Amino acid sequence: GENVEQHPSTLSVQEGDSAVIKCTYSDSASNYFPWYKQELGKRPQLIIDIRSNVGEKKDQRIAVTLNKTAKHFSLHITETQPEDSAVYFCAASYTGNQFYFGTGTSLTVIP
Amino acid sequence: DAGITQSPRHKVTETGTPVTLRCHQTENHRYMYWYRQDPGHGLRLIHYSYGVKDTDKGEVSDGYSVSRSKTEDFLLTLESATSSQTSVYFCAITSIQGNTDTQYFGPGTRLTVL
């Protein structure tokens with residue numbers, strides 16, 4: 001099956017700085033890569049996703065990049081704000097029916 | 001939130017007792033999933049369903065069984081709960097629209113096995 005690795009496990013940034021979270025996957029057949037944000041005590045919420053026919057996708061302060069050759073994808077958050085503090089999960093899917101998750105990154109934005 | 005609810009939201013039980021968690025969805029999604037979430041492990045798939053009476057195992061299925069007798073309900077059963085099954089359990093669905101598929105999560109059930 002697919003194996004998704006996520007780094008770093010914890011990340012602290014000053015408010016206004018950028019944050020980058022990286023994931024690698026093992027199965028070259030994977031073609032869909034969502035990112036979820038989970039606030040304390042809440043459910044994971046989809047924040048952005050990318051499919052294998054696209055190299056980059058942006059939504060306001062959030063962007064995701066995908067390198068299919070190297071089998072890695074990254075989440076970029078610019079101009080971080082305290083409300084960006086949460087745990088972020090990456091995932092990979094090749095069937096659309098099974099999703100494989102990274103172990104999460106706890107992001108703290110320091111005011 | 002894709003019309004997903006879970007019950008109960010919190011449960012405390014004792015080792016050796018049976019426990020059933022319920023996931024209910026109102027939007028007729030075909031695919032439903034049960035995950036457990038533990039610190040350092042992220043979200044791990046327990047079982048999933050691709051239709052009524054059609055289920056399959058995930059990576060951490062030992063000690064769990066599931067049933068889906070109706071499209072809207074997916075039940076997770078711990079036949080004899082153990083302390084290692086203390087966790088937060090999330091139900092999820094895959095919403096398929098055209099050639100895109102997106103996974104959404106329920107609110108979670110916090111289970112404590114004493």
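The largest pocket is lined by 31 residues. Nearest its centre lie Gln38(A), Leu40(A), Gln37(B), Val88(B) and Arg110(B). The model is predicted: local features need pLDDT of at least 70, side-chain atom pairs count only at pLDDT 80 or more, and totals for chains, interfaces and linings use all residues. Residues are numbered from 1 along each chain as its sequence is written, chains are lettered from A and ligands numbered from 1 in the order in which they are written, and side-chain values use heavy atoms, with hydrogens and water left out.

A pocket is an open set of points on a 1 Å grid over the protein atoms alone, where a 1.4 Å probe fits, with protein on both sides within 12 Å along at least five of seven lines; lining residues have an atom within 4 Å of a point. Its volume is the space filled by probe spheres set on the points, which are joined across faces, edges and corners. The largest pocket holds about 640 Å³ of space. In chain A, strands S9 (86-93) and S11 (105-110) each supply at least two lining residues. In chain B, strands S4 (31-38), S9 (87-97) and S11 (109-113) do likewise. S11(B) gives the most, with four residues. Strands here are DSSP runs (E, at least two residues), numbered from the N terminus. The lining has nine nonpolar, 17 polar and five charged residues. Ala, Val, Leu, Ile, Met, Phe, Trp, Tyr, Cys and Pro count as nonpolar, Asp, Glu, Lys and Arg as charged, and the others, Gly among them, as polar.

The second largest pocket contains about 210 Å³ of space. Its lining comprises 16 residues, with Glu2(A), Asn3(A), Tyr100(A), Phe101(A) and Glu59(B) nearest the centre. Strands S1 (4-7) and S10 (99-101) of chain A and strand S5 (42-51) of chain B each give two or more residues to this lining. By class, six are nonpolar, six polar and four charged.

Between the chains, 21 residues of chain B are in contact (heavy atoms within 4.5 Å) with 18 residues of chain A. The buried area is about 1,700 Å², and carbon and sulfur atoms give 51% of it. This is the accessible area (1.4 Å probe) that two parts lose on being put together, summed over both. Leu43(B), Asp101(B) and Phe105(B) supply 27% of the area that chain B buries against chain A, more than any other three residues.

A salt bridge is a side-chain nitrogen of Lys or Arg within 4 Å of a carboxyl oxygen of Asp or Glu. In one, the closest N and O atoms of Asp84(A) and Arg61(A) are 2.9 Å apart. Asp84(A) lies in the loop between S8 and S9 and Arg61(A) in the loop between S6 (56-59) and S7 (62-67), so the pair ties together parts 23 residues apart in sequence. Asp84(A) is buried, at 6% relative accessible area; Arg61(A) is partly exposed, at 22%. Buried means under 20% relative accessible area, exposed over 50%, and partly exposed in between (1.4 Å probe, protein chains only).

In chain B, Arg44(B) and Asp38(B) meet in a salt bridge (2.9 Å, N to O). Both residues are buried. Lys70(B) pairs with Asp73(B) at 3.3 Å. Salt bridges that share partners join Arg22(B), Lys70(B) and Asp73(B) into one network.
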